[in-house]
Amino acid sequence: MNKEELKEVILQILRENKDGLTSIEIRNTLIDKGIEFNMLEFREVLADLVREGKVRKIPDYEAKKFKFLPAD
C-alpha cells in the first residue's frame, strides 16, 4: 500500500470514530482490517495528515496520549 492509499484509509477510519483515536488505536484498526503497512511509513503518513491540516492532533490528558480527529 502506498502512502496516498494509507492516508485515505486513515482518514476513513477517523471519520468513522468522531471521538478521536490514538495512534495505537488507528494502528490496531488497520491491522484488524488486514491492511499491510510498515510502522515508519504509518507514522510519517499520520504526521503528514496533521501538517496538511486534514487531521487534528489534540491531547488527551487522562490517557496521557494524543488523539487524532478528522479536521472536517
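**Figure 1. Helix H1, from end to end.** Helix H1 covers residues 3–16, a run of 14 residues. From its first C-alpha to its last, H1 reaches 20 Å, close to the 20 Å expected at 1.5 Å a residue; the expected span is 1.5 Å times one less than the number of residues in the helix. Helices (H or I, at least four residues) and strands (E, at least two) are DSSP runs, numbered from the N terminus. Please keep in mind that this is a predicted model, in which local features need pLDDT of at least 70 and side-chain atom pairs count only at pLDDT 80 or more, while totals for chains, interfaces and linings use all residues. Residues are numbered from 1 along each chain as its sequence is written, and side-chain values use heavy atoms, with hydrogens and water left out.

**Figure 2. The buried residues of H1 and their neighbours.** Leu6, Lys7, Val9, Ile10, Leu11, Ile13 and Leu14 are the buried residues of H1. Here buried means under 20% relative accessible area, exposed means over 50%, and partly exposed lies in between (1.4 Å probe, protein chains only). These buried residues pack against helix H2 (23–32), helix H3 (39–51), strand S1 (55–60) and strand S2 (65–70), where contact means heavy atoms within 4.5 Å.

**Figure 3. A close look at Lys7.** Lys7 lies in helix H1 and counts as buried because its relative accessibility is 7%. Leaving aside residues up to four places away in sequence, Lys7 touches Val45, Asp48, Leu49 and Glu52.

**Figure 4. Ile31 and Ile10.** Ile31 is found in helix H2. With 48% relative accessibility, Ile31 counts as partly exposed, whereas Ile10 is among the buried residues of H1. Ile31 and Ile10 are 21 residues apart in sequence, and their C-alpha atoms are 12 Å apart in space.

Figure 5. Glu36 has its place in the loop between H2 and H3, and it is exposed, with a relative accessible area of 69%. Between Glu36 and Ala63 there are 27 Å in space, C-alpha to C-alpha, and the two are 27 residues apart in sequence. Lys64 is found in the loop between S1 and S2 and is exposed as well, with a relative accessible area of 75%. Look at the backbone of Lys64 too: its phi is near 60°, a positive value in a residue other than glycine.

**Figure 6. Stepping back to the chain.** The chain has 3 helices and 2 strands, which follow the pattern α-α-α-β-β along the sequence. Its radius of gyration is 11 Å, close to the 11 Å that the globule rule gives for 72 residues, so the chain is as compact as a globular protein of that length. That radius is taken over C-alpha atoms, and the globule rule is 2.2 Å times the number of residues to the power 0.38. Along its principal axes, the C-alpha trace spans about 35 × 25 × 20 Å. Buried residues make up 33% of the 72 residues. Among contacts between residues at least 6 apart in sequence, 48% join residues at least 24 apart.
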